[in-house]
Amino acid sequence: MGLLQLGVSQSWWQLSMPPKDISTNGHLIDHLWNYTTMLCIFYFILVCIGLFGFSFLYSRKRNKTPYYTYGNKKKHLLVTAIIGAAVFLTIDLNITRISNNDLLNQFWKWPDPKTEKVMRVEVMAQQWMWSFRYAGPDQEFNTADDVVTNNDLRVPVNTKVLFHLTSKDVIHSFFVPNVRLKVDTIPGRVTRVWWEVNTPGKYDIACAEMCGTHHYLMKAQLTVLTEEDFNRWLATSEQLALNTNDPDDKNLAWGWKWEN
Amino acid sequence: MSGGFNEIHPEPTTFISKYLISFDHKVIAKQFLWMGIIFLGLGGMMALLIRWTLAYPGVPFPLLGGMLFPDSAGVVPPDVYATLFTMHGTVMIFYAITPILIGAFGNYCIPLMIGARDMAFPMLNMLSFWFAALSGLFVFISLLLPLGSAAGGWTSYPTLSTMIGSPGLGQTFWCVAIFLFGISSTMGAVNYVTTVITLRAPGMGYFDMPLTVWGLWLTAILNAIFVPVLGAGVILLILDRVFGTTFFLAGASATSGSGDPVLFQHVFWIFGHPEVYILILPAWGIVSDLLSFFARKPAFGAKATALSMTAVSVLSTVVYGHHMFTTQMSPLLTQSFMTLTMTISITSAIFFANWLGTIWKGSIRFDSPMLFSLGVVFVFGLGGLTGLHLGTVTTDLYLHDTYFVVGHFHYTMAASVLLGGFAGIYFWFPKMFGRMMNETLAKIHFWGTMIPLNGIFFGMLMVGYGGMHRRIYNPFVYESLQRLIPINTMITWSAILMGAFQIIFVFNFLWSLKKGPKASQNPWEVGTLEWTIPSPPVHHNYDVIPVVKCGPHEFGNPNLKNGRDFQYQTEELVQG
């Protein structure tokens, strides 16, 4: 019985922690989550003290005569107003401010391929797979030297990677739990996301938006490689692409001209 | 404010006019109640099938599996799984919660609590039920169609819900059902709004209305404004599906022109966010009243509660974009929706302050309606607070479309509304059917619901934070999610346990209908208008339209001398 397993709740708590953060700014999201949760626990404890405490103290047995008040005395209104203001000031304004700062300083600070070293990748989602496209030696997308992979994303460590994403058929969502990021891929639109990862290894990429019967199987693998390993893989793949890509294959030419 | 509408209608004489095509708001309320309870059972069964699949993928569903899915040896197949979670959401929201909370309580309570003989438009009311029933029929039929019913989630985002992703007839039936349902809701809403404005008993100002009526009235206003928006959305979807238009099509498959799938999301959530308040407002109203009734103390800050409910209704219309942060709207929209969403905290904090203020220094009677009301305060606390994580853009980037969202909206929309609905049923059952429900069974039902319910929905918050995303048939194809198997198993067994305890409710309900002890006129000793008339009320409710002289929450007035601790709304407020 599941309920009997409650005894091991300590380890359950650990089990429900999110997967290892491998990015340079994922900790911002974890920090904000923890901050919000701490404040929520604080206010929920207050609610519980009121709920259980008053239920205990003011039951019919313990308190025969209720206090006749509409709660519209000045001090009552003051207490209510203070509670409302406290919640808004301590939680809402703070988390909005933190989140907004994180967006402006990190998540929406799009790396510019013209001025800094940025790895660019085009992503196309379709039922039920992910395709990734690297520009190749000519640095132009949708040309014959592009490296194209399916369900296999390889990126270098400690490098900013900028993704432009779209979908061929229905809406999907590019979700990488280890970097705490998610962005929808929408037919007819290009959305974007960037990250910088710092831990080599293999991680899951999932589709988070319901996209049909086999939604649950739409997963890809993210492989984070060291700079040398990545360059070696890319060079080999570029050579392979030049040798084997058929320029007349329309299915292969799903890429588009990169626009910043 | 009793206008010319308020005449006594002749009592129906035939079976059909009495029970089927009835114009009587009390009969229509019961029709909605039965409809809601039947669909609640259906939606609950779907939930169990979903939960079983998530805990034991590939294992046949016990007992019924072989009968339901003979082709896969009793295992829920992936396409059926998609239909199940789509229809679970649809059925619960539109065909269980809405009929019970709005259809049943709205119809039953509004006229009785404001001292009216019927709704302002009795025939519209009758049509409202039959359109809902017709819509429900479409849902049933869609389940039997060759390719199954809709399977794109209850939100039915295009382009998945267009022919590109859902070629079956089921999705079209779903659209038609939702449109018919929209007609039903709009007719009901117009009726409720008019009734509250025109048919209040003489002397009853807006702040003399019970908070239940406030909640139902605000719900009706939101319904009247926003359900037609959904209607427009599904009509466009039907045009795309059947007539080859391309409002929502784009990408490689949009060969005959291009629209925008995100447009549907805007249309859907302009309706969809008010919808969650449409569902919760009646429960808030009921809870605000019941806490006062059973604490034997006036509702603390009743006026502030009513105004907060009004404020949250207005706010609910300008925050919908927080459902769409991952679609990358313009940064300005994203920031605006985040900030506006946060202001809802203020109104919620006022509700909690007033609810706890109401039971503070009360003389609390722990009857079953009160237990369920206190339960709502607990679960809505958890549900409301977890909304903060999702209203914040950066944390939402991680949590969006995970089980954290599922846990959050089940705490607010399912748990709070379900417990609020049970509170209402236990409270008004004596008035509706003239008999009392069994109190011991009711209390067992409360604890048997409350404890597993938290196991289910808190478990969902946990696996969601752990990274498990929504609507996946088998989460454990992801190695990183396999560690969550024990928590998923716990959730499933909690759900089975909670489902089992609902049998006690059904038994209690049916048994009490026939065998429950006769209810007195006012078994809970409450002063609102419906308790001044016999249980059940006569066909025209009030022989003489009552005159209201005081508020609905007059309890514990020390000047009361006649041995009662409350006074009826028809009595002059006793002064010292």
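**Exercise 1.** State how far apart the C-alpha centres of domain 1 and domain 2 of chain A lie, and describe the contact between these domains.

*Solution.* The separation between the C-alpha centres of domain 1 and domain 2 of chain A is 41 Å. The model is predicted: local features need pLDDT of at least 70 and side-chain atom pairs count only at pLDDT 80 or more, while totals for chains, interfaces and linings use all residues. Residues are numbered from 1 along each chain as its sequence is written, with chains lettered from A and ligands numbered from 1 in the order in which they are written.

Next, the bounds: domain 1 of chain A covers 18-107 and domain 2 covers 118-252, as set by an automatic or database domain assignment. Nine residues of domain 1 of chain A are in contact with eleven residues of domain 2 of chain A; contact requires C-beta atoms, placed from the backbone, within 7 Å. On the domain 1 side, four residues are nonpolar, three polar and two charged. Here Ala, Val, Leu, Ile, Met, Phe, Trp, Tyr, Cys and Pro count as nonpolar, Asp, Glu, Lys and Arg as charged, and the others, Gly among them, as polar.

**Exercise 2.** Describe the overall fold of chain B by its helices, its radius of gyration and its burial.

*Solution.* Chain B has 15 helices and zero strands. Helices (H or I, at least four residues) and strands (E, at least two) are DSSP runs, numbered from the N terminus. The radius of gyration of chain B, 24 Å, is close to the 25 Å that the globule rule gives for 576 residues, so chain B is as compact as a globular protein of that length. This radius is taken over C-alpha atoms, and the rule is 2.2 Å times the number of residues to the power 0.38. The C-alpha trace of chain B spans about 75 × 55 × 45 Å along its principal axes.

As for burial, 63% of the 576 residues of chain B count as buried. A residue is buried if 20 or more other C-beta atoms lie within 10 Å of its own, exposed if 12 or fewer, and partly exposed in between, with C-beta atoms placed from the backbone.

**Exercise 3.** Compare the end-to-end span of H5(B) with the expected value, and find what its buried residues pack against.

*Solution.* H5(B), residues 122-144, has 23 residues and reaches 34 Å from its first C-alpha to its last, close to the 33 Å expected at 1.5 Å a residue. The expected span is 1.5 Å times one less than the number of residues. Buried residues of H5(B) include B:Phe129, B:Phe131 and B:Val139. The buried residues pack against H2 (25-55), H4 (78-114) and H6 (169-198) of chain B.

**Exercise 4.** Describe the side of chain B that touches chain A.

*Solution.* The contact takes 95 residues from chain B and 82 from chain A. H10(B) gives the largest share of the chain B side, 15 residues. That side divides into 50 nonpolar, 35 polar and ten charged residues.

Terms used:
Contact = placed C-beta atoms within 7 Å.
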